[in-house]
Amino acid sequence: MPLALGKDVLDKARREGYAVPSFNTNNLEITQAILETAEALRAPVFIQVSDGARKYAGLENLSNLVRDMASRVSVPVVLHLDHGADYQMVLQALRAGFTSVMIDASHHPFEENVRETKKCVEAAHAVGVSVEAELGRLQGIEDNIVVDAKEAFLTDPDEAARFVEATGIDYLAVAIGTSHGAYKGKGRPYIDHARLEQIAAKVSLPLVLHGSSGVPQWLKDKMAASGADLGDPTGIHDEDVKKAIPNGIAKINIDTDLRLALTAGIREVVVGNPREFDPRKILGRGRDYLKQVIREKFELMGTVGRA
């Protein structure tokens, strides 16, 4: 079936009280794992392309891959530009057939963020494509985005309402304590649920949570068993994800957990069988672990059977 529009998928999710995972892809195996699991679970899904993925595999190449493979599944699939850096990148994604784009001008002052976002909204809406923007900044590292603790700040509920009204966006990414990457601090990261409740009371649009990988223990154990030295990675607790969904979170971004899953499978085969050189067997194990992680996310977010 043709790609779905982001707004259609997320409006339904917020209205019915579940969230849709937005998984980053970089290659064939990740895309296969996402789509095959979504189809098996009858779950709608976002597949997103970051700036790093664009540089690695090519924006049009990934767009062609996702659109072709999605045409053979029967669940809603949205192709999303993750953290579009500027107007030109948004235009590139629109030309490449994306059905959802994010403009991330959150590093600018409020009024400049509004101007840049509004310009992208006008372009995307002209061709029927949905738009995500961000207010507040998440700490951590993701591809070309590096935000330290001094630069990170949480979303102000009143500003969020003004931002949505001024820009005409379709969904809003908020900062409430999640962070990009596998290292989200010591212990359980603090998530400001009270702030999220205030935002949800003022903003009726679907809300988006970035930096929400859980870094599950079973993946850390598999990485350690193959000799990986990860230090002490920490993810977002499942309870915090569940608690956020009734307060308007309709899209939840997942990348780090997929990286860990694919790498864990590859390392397991390569370290466990040094004579193996068949890339299908090496990557295949990683794809199996990807499917397990993806299934867990659909179940956690209440997305199973929502297609």
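Trainee: Why is R42 called partly exposed?

Mentor: Good place to begin! Buried means under 20% relative accessible area, exposed means over 50%, and partly exposed is in between (1.4 Å probe, protein chains only). R42 has 34% relative accessibility, so R42 counts as partly exposed. Keep in mind that this is a predicted model, where local features need pLDDT of at least 70 and side-chain atom pairs count only at pLDDT 80 or more, while totals for chains, interfaces and linings use all residues. Residues are numbered from 1 along each chain as its sequence is written, and side-chain values use heavy atoms, with hydrogens and water left out.

Trainee: Where does R42 lie, and what is its phi?

Mentor: R42 lies in the loop between α2 (28-41) and β2 (45-49). These labels are DSSP runs numbered from the N terminus: helices are H or I with at least four residues, strands are E with at least two. The phi of R42 is positive, about 55°, although R42 is not a glycine.

Trainee: Is V215 buried or exposed?

Mentor: V215 has a relative accessible area of 4%, so V215 is buried.

Trainee: How do you know that the chain is as compact as a globular protein of its length?

Mentor: First, the chain has 12 helices and 10 strands. Its radius of gyration is 18 Å, close to the 19 Å that the globule rule gives for 307 residues, so the chain is as compact as a globular protein of that length. The radius is taken over C-alpha atoms, and the rule is 2.2 Å times the number of residues to the power 0.38. Along the principal axes, the C-alpha atoms fill a box of roughly 60 × 40 × 35 Å. Of the 307 residues, 56% count as buried.

Trainee: What makes L207 count as buried, and which residues does L207 touch?

Mentor: L207 has a relative accessible area of 0%, so L207 is buried. This residue is in strand β9 (residues 207-209). Contact means heavy atoms within 4.5 Å. Leaving out residues up to four places away in sequence, L207 touches several residues, among them R14, L172, V174 and I249. L207 and E132 are 75 residues apart in sequence and 9.2 Å apart in space, C-alpha to C-alpha.

Trainee: Which residue does UniProt give as "active site", and why is D82 called buried?

Mentor: UniProt places that feature, from an unreviewed entry, at D82. UniProt positions are given in the numbering used here, feature names are shortened, and annotations may be inferred rather than shown by experiment. D82 is in strand β3 (residues 77-84). Its relative accessibility is 0%, so D82 counts as buried.

Trainee: What does the "binding site" annotation cover?

Mentor: The unreviewed UniProt entry lists several residues, including D255 and T256. D255 is in the loop between β10 (249-254) and α11 (256-272), and T256 is in helix α11.

Trainee: Why are D255 and T256 called buried?

Mentor: D255 has 9% relative accessibility, so D255 counts as buried. T256 has a relative accessible area of 12%, so T256 is buried.
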